[in-house]
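Please open the structure in a viewer and keep the selection tool at hand. The stops below are to be visited in order.

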Amino acid sequence: MKKKLLMPIAALVLLAGCDYNEENFKGLEEMTQPTNVFKKEYTMLNADYAAVASNKANVAIAKEAGVSTDLKNVGTNNYFTSIITAEQYLPAFLADKYYTADDGAAVKVTFNKKVSLPEYVNQLNKTTIFTLAATDYQAAWGTTSSLNFFTPSKPAANYVPGILAAKVATPVSGQIVCASYNVSDVEPAAMTVAFKEDFETGTTANTELSLANWTNTTVTGTSKWVAKSYSGNKYAQQTAYQHAAGELDSYLISKEISVEKGMLLTFDALYANYVATGGSITVLVSTNLTDPTTEAGINAAKWDNLTSKFTIPTSATGSGDMVNAGSADLASYVGKKIRIAFRYQGNGTTAATTTTRIDNVAISTPGKNNYLLVNTLYSYSGTAWTPYTTANVLMLSQADFNLMGSKYDNFSSTFNADNYLPAFLKQKYPFAQEGDVKVPVYKFYNSTSKETSIRADEYIFTSGQFVKNDAIETVTDQFVRSEGVWKFDPSVVITLSTSKADKETSLFYQTITDWVKVNKGAQYVTTYGNNDYYYGGSAYNNNFDFRPSAWKAQTPSEYGNKTDADLIKLMFERLPEAFTPALEKLYADAKPVTGVEVTYTINFSIYDGSATTPYVIKYLVVGDAKFQYIKDSLVKL
């Protein structure tokens, strides 16, 4: 009954005039008008990204697009991406946040956005690793040599390109590899070698080691040291993995060696398939061992433990580089005959199964094994491999990691690059200037995938520190409520690069110069046609040329009698109008949005003869392809 009575009352109200409304329903007219029209600025908080990710409307959009996981990641990463864009996913968030807003309301939202690093940095992140095998060094020393390093007289640069050409299959132009190899600063001729073993000759891969210079004795268990080969390089290996007998105690004992003054014991090593539960070696020296073939004979000898002198890198997988483990001074054994022993102890039952690899054992005066692992970037030109020589790119080698306190030549999840690179770069480049860019490239061991790869980061010297460019930009975009929904307001930021290779920037400046020639006169344009001196735009250098001497030389009749100060003043007076010809032609689709300031911000540079200085200028879109300079927006950065 009430429903029926309400109908005519509603009809009466609708049919009645304004006077009736004012008399009987005070404020009704005001209630029907939009009142919550505002302009706000808002900076996204971490909780807001979570709200964007959980918003029901957004969840439906992402599900339809097949990017649900990407949307979820926005909630934890706290930034938008090229897949989950603020333009598409912020409107639903704004609708919830400003649910009482009326059409015409506008919010400038500041948020984080993941952007791409410079393309050359992205290319460096695709670098692959090529580690030289022992036989590769024969390119420098001959096919009969067992030397596995380069020296000042045999520099790597003379041989690595040829090795890469022979070993890297079907390279493509622009491909980058990290060549890893050993370098010694001492020539072989400067060494006295009492003993050396690289396990290359007299061994057969995957068989028990049986060499004249070694005794292979297992005192507990059944497994013995075996010869292994990888990428043409042979080495000795022992492991308790799949050792059914449980405990394994195994010795690899050298022949007797006469020690001379200044000699060191060195070797290369790696703990592969590393497990914390065990499986390791002890490095021993004896002067009185007479029977290396039996447990009784070994136990009867006096052994000195030199293990603490060495540091052996680890790898959680079966792959990894053997590197020089260090050296032990043998001064206390000068004039004596010694045997060295590598004692492996592990247990297949208790999972103490780390694999030990040994190579390049030597007793000599310093030199032969005083080498470090060096990493060098090479790029393929399409016909040959050449060093990658971009000035601000630094490939980290073993010496760099040693400087940072690491015994390995890589970063990892437990040795975080972000914690060390800022200080390392500051020490490496003590005279860095504000804005300098450095790109350290390094090996990274992923404990999840068990792989070593190459990573490249960009660091920018800012306020006295090297700060990592995490490719997260802080962006401010406008959103306006129109026709009942929030919409992205298409303000634009244009960055005019000073790189001559940037064709889009060159087109922008060329458009200015072409306009000057037609509308101001050909006398302002150089004979090459790519530089004008009415505004100073240069499509050749991709900047504004504000050298008074150049302006006077081009148009002496107009500028010849002006002082430099007056001419520079004229340049800056004209500058705001200089951009409009290019904006109107190249951004002809620009349109104003009711209730919203649609702006075009331009980052550009001015060359004054001594320095190239960055500036910013802003324009307001006031009509279709019509731009108005925003007063006082021209600012030097």
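The second largest pocket has a volume of about 860 Å³. A pocket here is an open set of points on a 1 Å grid over the protein atoms alone, where a 1.4 Å probe fits, with protein on both sides within 12 Å along at least five of seven lines; the volume is the space filled by probe spheres set on the points, joined across faces, edges and corners. This is a predicted model, in which local features need pLDDT of at least 70 and side-chain atom pairs pLDDT 80 or more, while totals for chains, interfaces and linings use all residues. Residues are numbered from 1 along each chain as its sequence is written, and side-chain values use heavy atoms, without hydrogens and water.

Select V115, E473, T474, V475 and V493, which lie nearest the pocket's centre among 28 lining residues (those with an atom within 4 Å of a point). Strand β26 gives the largest share of this lining, seven residues; strands are DSSP runs of E with at least two residues, and helices runs of H or I with at least four, numbered from the N terminus.

Next, select the open sheet with the order β3-β4-β18-β19 and mixed pairing, where strands pair if DSSP finds at least two bridges between them. Its edge strands are β3 (128–131) and β19 (385–387). Strands β3 and β4 (residues 176–184) run parallel, joined by four bridges; T131 has S180 in β4 as its bridge partner.

Finally, select helix α17 (residues 564–578).

How values were computed. Expected span 1.5 Å × (residues − 1).
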